[in-house]
Every structure is written in structure tokens, then in C-alpha cells.
Amino acid sequence: KPVEKVETEVRTEAQPQVQTAVKIIEPEPLDTVTQAEALQTGEQTEDTLPEWTGDPQQCLLFEVEGTEVAIPLIVLNSIAVWDQEALPIPTQPDWHLGVIKHRDANVVILDTARLIMPEKLTQTSEERRVQHGSHFLVINHRWALSCDGIKETILLTPDQVKWRPQRPTRPWAVGTLIDRLCVLLDTEALIQEIEQD
């Protein structure tokens with residue numbers, strides 16, 4: 001009986017606004033508007049972050065020119081002491097420190113500082129090749145990051161990072177560790193940047 005009474009009220013000419021109110025309360029149009037607004041404002045951002053950012057990650061903290069940098073262990077192939085001379089390749093960019101034989105493969109050593117904080121450098125590329133860092137971090141079978149020292153590994157949860165889903169500049173900086181105020185590297189974005197250049 002209550003349902004019949006509501007239908008009678010909707011049909012009554014004296015209350016046409018009730019019929020309009022019933023039509024407005026439809027979830028589908030509201031959801032569509034919300035999604036469109038999110039896309040227009042750029043707030044739909046999860047697809048721009050690497051897959052590993054949604055889960056807790058073991059991260060390695062290392063040092064570059066006195067600055068702490070974090071990298072998830074999941075993207076590392078190996079960590080090695082830089083105890084051999086890198087073979088320089090002519091006409092390469094300044095961030096190319098040379099090639100090293102590592103585990104029966106040739107690996108290009110990237111000057112991490114030159115890529116992420118060039119403003120801190122005063123040495124020439126040749127000087128940095130000779131006075132190189134203490135370690136290199138192999139991030140795939142072709143590239144490795146130079147570093148001045150290995151600090152520690154930590155367990156990092158997503159809520160401990162201020163994420164940068166929109167990265168028009170410095171695309172390799174996927175976020176900042178809130179407690180330590182150091183950058184978290186997106187190595188895939190870094191590789192894409194140097195390969196495009």
C-alpha cells in the first residue's frame with residue numbers, strides 16, 4: 001500500500017516537482033559527471049605511477065653527491081663495488097661514464113648525479129670518470145647507476161611517500177620519502193628519458 005500511495009502522488013498535477021525529484025536521484029549520471037571532472041582536472045592519476053607503488057617495498061638508500069636517494073630493490077638486478085676502470089666510449093653524452101664488464105655482460109655506467117642533480121656538479125665528465133663513485137647499481141642488463149656509497153635498506157609503505165603521479169618535470173622522481181625528505185627513483189622513467197635524448 002505505501003508504494004501505491006507514492007505512485008498516486010507522482011501522478012497528481014498539483015505536485016509535479018515530486019516527479020522531477022525522483023528523476024534527479026539517479027546514480028549513473030552522477031558517477032559519469034564525477035569521472036569526467038576527475039579526468040578534466042587531472043586527478044585520475046593511479047595509472048601514471050609504477051605498479052610497485054601500491055605495495056610495501058624494500059628500498060635501498062644510497063648517496064649521490066652528499067644527497068640521499070631511495071630506489072626499490074624490486075627494480076635492481078645487482079649491487080656491485082666499482083673496483084675496475086670503465087671503458088670510455090667516444091661521442092657519448094656527459095652522463096655516460098663508460099662501459100664495465102659485469103657478470104659476463106657489458107653495462108653502461110650512468111652518472112646518477114649528472115642526471116638528477118646536475119646543478120651540484122663542478123667536475124668535468126672526464127674527471128668524474130676517473131674519480132668515480134664507490135658502487136654501481138645495475139637496474140637492468142644494460143644500465144647501471146653510479147653512487148658514492150650504500151647506506152641501508154628500509155621497508156617503505158605507500159603512506160610513507162608523497163607521490164608525484166603527474167610528473168611534467170623530473171619524471172624519474174616518483175615521490176619523496178616523508179620522514180627522510182629524499183627522492184624515490186622511478187628507474188623506468190629515468191631510462192626512458194635518457195633513451196629519448
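Predicted model: local features only at pLDDT ≥ 70, side-chain atom pairs only at ≥ 80, totals over all residues.
**The whole chain**

Begin with the complete protein chain displayed as a cartoon. Its secondary structure consists of 6 helices and 11 strands. Of its 197 residues, 39% count as buried. The accessible surface amounts to about 12500 Å², and 51% of that area belongs to carbon and sulfur atoms.

**The open sheet**

Next, select strands E3, E4, E5, E6 and E7. These 5 strands form an open sheet with mixed pairing, in the order E3-E6-E7-E5-E4. Strand E3 (78-81) and strand E4 (96-102) are at the edges; each has a single partner strand, so one side of each lacks a neighbour in the sheet. On average, neighbouring strands are turned by 30 degrees against each other, direction ignored.

**An aromatic pair**

The structure holds 2 aromatic pairs. To view one of them, select Trp-82 and Phe-136, which are arranged edge-to-face, with 6.4 Å from centre to centre and 90 degrees between the planes. Trp-82 belongs to the loop between E3 and E4, whereas Phe-136 belongs to strand E6 (residues 135-138); the two are 54 residues apart. Are these residues buried or exposed? Both Trp-82 and Phe-136 are buried.

**Salt bridges**

Side chains of opposite charge can pair when their charged atoms come close. The whole structure contains 9 salt bridges. Select Glu-65 and Arg-128, whose closest N and O atoms are 3.0 Å apart. Glu-65 lies in the loop between strands E1 and E2 and Arg-128 in helix H5, so this pair ties together parts that are 63 residues apart in sequence. Glu-65 is partly exposed, at 28% relative accessible area, while Arg-128 is buried, at 9%.

Asp-111 is buried at 0% relative accessibility, and Arg-114 is buried at 18%. With all four residues displayed, the selection shows a network of salt bridges linking Glu-65, Asp-111, Arg-114 and Arg-128.

Finally, select Arg-180 and Glu-152, which form a salt bridge with their closest N and O atoms 3.1 Å apart.

Terms used: Residues numbered from 1 in each chain as written. Heavy atoms only, no water. Pairing = 2+ DSSP bridges. Helix = DSSP H or I, 4+ residues; strand = E, 2+ residues; numbered from the N terminus. Axes fitted to C-alpha atoms, helices over the stretch in contact; angles between N-to-C directions. Phe/Tyr/Trp six-rings, centres within 6.5 Å; stacked < 30°, edge-to-face > 60°. Buried < 20%, exposed > 50% of the residue type's maximum accessible area, 1.4 Å probe, protein only. Areas by Shrake-Rupley, 256 points an atom, 1.4 Å probe, with all protein chains shown as cover. Salt bridge = Lys/Arg side-chain N within 4 Å of Asp/Glu carboxyl O.
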